[in-house]
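Student: I have a model open and would like to talk through parts of its fold. Could you take my questions one at a time?

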Amino acid sequence: MSANGFLKPCSNVVKSFCRAYKASGIPELTQVRHNVKRGNYGTLDGKDVAFFESIVGRNHMLQEDLQGYNVDFLRAVRGNSQLVLKPNSSEQVSAILKYCNERKLAICPQGGNTGLVGGSVPVCDEIVLSLTHLDKILHIDEITGIASCEAGCILENLDLKARESGLVVPLDLGAKSSCHIGGNVSTNAGGLRVLRYGNLHGSVLGVEAILANGEILDLMSDFKKDNTGYHLKHLFIGSEGTLGVVTKVSILCAPQPQAQHVAFLGVPSFDDVLKNFRNARQFLGEILSSCELVDAGSLDCSVSHFKLNSPIEGYPFYMLIETSGSNAEHDMEKFNRFLENGIEKGQILDGTITGEVSKMREIWKLRELVSVALAEDGFCFKYDISLPLREFYHIVEVMKERVGHLANRVCGYGHLGDSNLHLNITCPEFTPEIYKCVEPFVYEFTSQLKGSISAEHGIGFLKRNYLKYSKSPAAIEKMREMKQLLDPNGILNPYKVLN
Ligand code: FAD
Ligand code: 2HG
Ligand code: ZN
């Protein structure tokens with residue numbers, strides 16, 4: 001085991017990859033590829049455009065060069081919107097929605113457009129409502145840890161500001177330099193530290209949301225405890241823009257950890273991965289803040305695509321284990337006991353551990369950039385599933401057999417500590433043959449194990465036909481009733497979540 005030293009300096013990895021990303025191929029129109037019948041919505045005309053101009057101003061709307069708003073990050077879906085609106089206040093959002101509701105014009109709310117389920121771009125000709133100009137940080141209270149901001153605030157910007165007050169946003173993900181807090185809340189994004197901080201249903205204290213009829217619903221709160229009836233904020237956490245547009249968020253930040261360590265370990269088998277996870281929980285206890293899995297295929301893809309230097313290679317599985325505590329010496333002692341135990345039993349074959357910020361970043365890049373590297377490996381089918389831990393990796397092996405030569409690569413990685421696997425299948429291009437080979441098989445498989453067909457990315461457009469694999473007919477019916485109540489004309493993000 002090497003300690004704190006042998007990581008080579010990393011090459012220049014693109015920081016803001018989403019913004020810098022250039023589409024190398026334009027996908028077929030979603031309406032055509034997926035045979036979608038346009039809903040019974042109004043069609044945008046000159047009078048509508050003039051009205052929107054009177055609300056947001058000419059400089060805050062776009063009618064040309066809309067590809068970046070019509071195509072998703074994965075280049076899996078493409079809408080045909082003719083208008084993007086960029087309001088800069090809740091009142092403007094409210095006026096837009098009220099008008100659209102009366103005219104039955106469909107809207108697609110859009111944050112950083114980093115979503116992975118085709119929810120963030122239009123399916124047909126919906127107007128794109130971009131939250132990008134609602135980006136103010138409103139308040140950070142260093143005593144209580146509560147931060148409030150507008151929905152279009154970029155996650156990384158909020159986190160950097162929180163750190164100035166000794167706090168951290170309890171959410172971290174590979175898309176942090178592009179995704180918005182509003183998008184995170186609307187997808188109930190999970191990310192790299194759910195194991196430590198739980199999900200956003202716990203840490204989001206309040207939201208402001210604009211309903212389809214333009215009503216501003218103020219559910220902002222500065223308190224952890226508030227048992228005054230139904231907690232409506234939860235409806236907007238994870239509803240993917242189908243029930244309202246989130247315009248403000250109040251979130252409980254955590255104290256910045258005083259000591260952090262990251263280990264990257266080579267592991268001989270998946271059985272040993274599970275043993276290491278159990279031991280990490282036992283030996284590291286409350287300081288364990290992340291436990292991620294990367295298989296050989298995933299690591300190979302991020303390393304070769306971004307020309308990264310991995311401290312170890314040649315193992316079938318890698319685990320990234322992070323601790324966040326308050327006393328570096330004590331934490332390191334615990335970590336060493338955990339590592340010694342694993343090495344002695346042959347469950348850990350090699351690895352590195354570091355507490356140096358720059359080296360921890362290098363290790364995290366190996367994991368965080370897997371998703372982007374795979375998206376560049378060809379057409380990428382991404383599945384984000386919760387599975388019982390004992391069965392966690394089996395589907396990767398089954399899928400390898402199943403797709404055979406049709407795929408470039410089949411690999412699995414993800415948030416092992418939360419039972420959340422990212423199964424990715426890349427192939428030279430989208431073909432109906434591989435699509436049919438993979439779906440609905442992957443959902444049936446997941447459902448048989450009583451897993452979730454969407455652990456953290458949401459349902460969006462791409463998974464809407466598969467909701468039934470994770471939700472009962474009665475639950476889906478209640479979701480429909482909820483949608484009907486809040487958005488009777490169905491103008492908010494149509495064709496998404498419910499079909
Ligand atoms: P968008 O992609 O723009 O939108 C996502 C959905 O939310 C859409 O349905 C959209 O209509 C809706 N929406 C957006 N803003 C609002 C709003 N203000 N009001 C109402 N509805 C809104 N996700 C994870 O959970 N965990 C990860 O670890 C993770 N890692 C990622 C890594 C990479 C490299 C990439 C590209 C994506 C990753 N994602 C991850 C997926 C994605 O980043 C998250 O879903 C993120 O929360 C989306 O935020 P966004 O601002 O980009 O939203
Ligand atoms: C991650 O954990 C993201 O890296 C993306 O959730 C997963 O692209 C994916 O499959
Ligand atoms: Zn993830």
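Student: In what order do the five strands of the open sheet run?

Tutor: In this predicted model, local features need pLDDT of at least 70, side-chain atom pairs count only at pLDDT 80 or more, and totals for chains, interfaces and linings use all residues. Residues are numbered from 1 along each chain as its sequence is written. Strands are DSSP runs of E, at least two residues, numbered from the N terminus, and two of them pair if DSSP finds at least two bridges between them. The pairing here is antiparallel, and the order is 6-7-11-9-10.

Student: Which strands stand at the edges?

Tutor: Each edge strand has a single partner strand, so one side of each is left without a neighbour in the sheet. That describes strand 6 (137-140) and strand 10 (216-219).

Student: Which residue in strand 11 is the bridge partner of V204?

Tutor: Strand 9 (residues 204-210) pairs with strand 11 in the antiparallel sense over six bridges. V204 has as its bridge partner I251.

Student: Is S239 buried or exposed?

Tutor: S239 sits in the loop between helix 10 (233-236) and strand 11 (245-252). Buried means under 20% relative accessible area, exposed over 50%, partly exposed in between (1.4 Å probe, protein chains only). S239 has 9% relative accessibility, so S239 counts as buried.

Student: Which residues does S239 touch, not counting those up to four places away in sequence?

Tutor: Contact means heavy atoms within 4.5 Å. By that criterion, S239 touches S186 and V497.

Definitions and conventions:
Chains are lettered from A and ligands numbered from 1 in the order in which they are written. Side-chain values use heavy atoms; hydrogens and water are left out. Helices (H or I, at least four residues) and strands (E, at least two) are DSSP runs, numbered from the N terminus.
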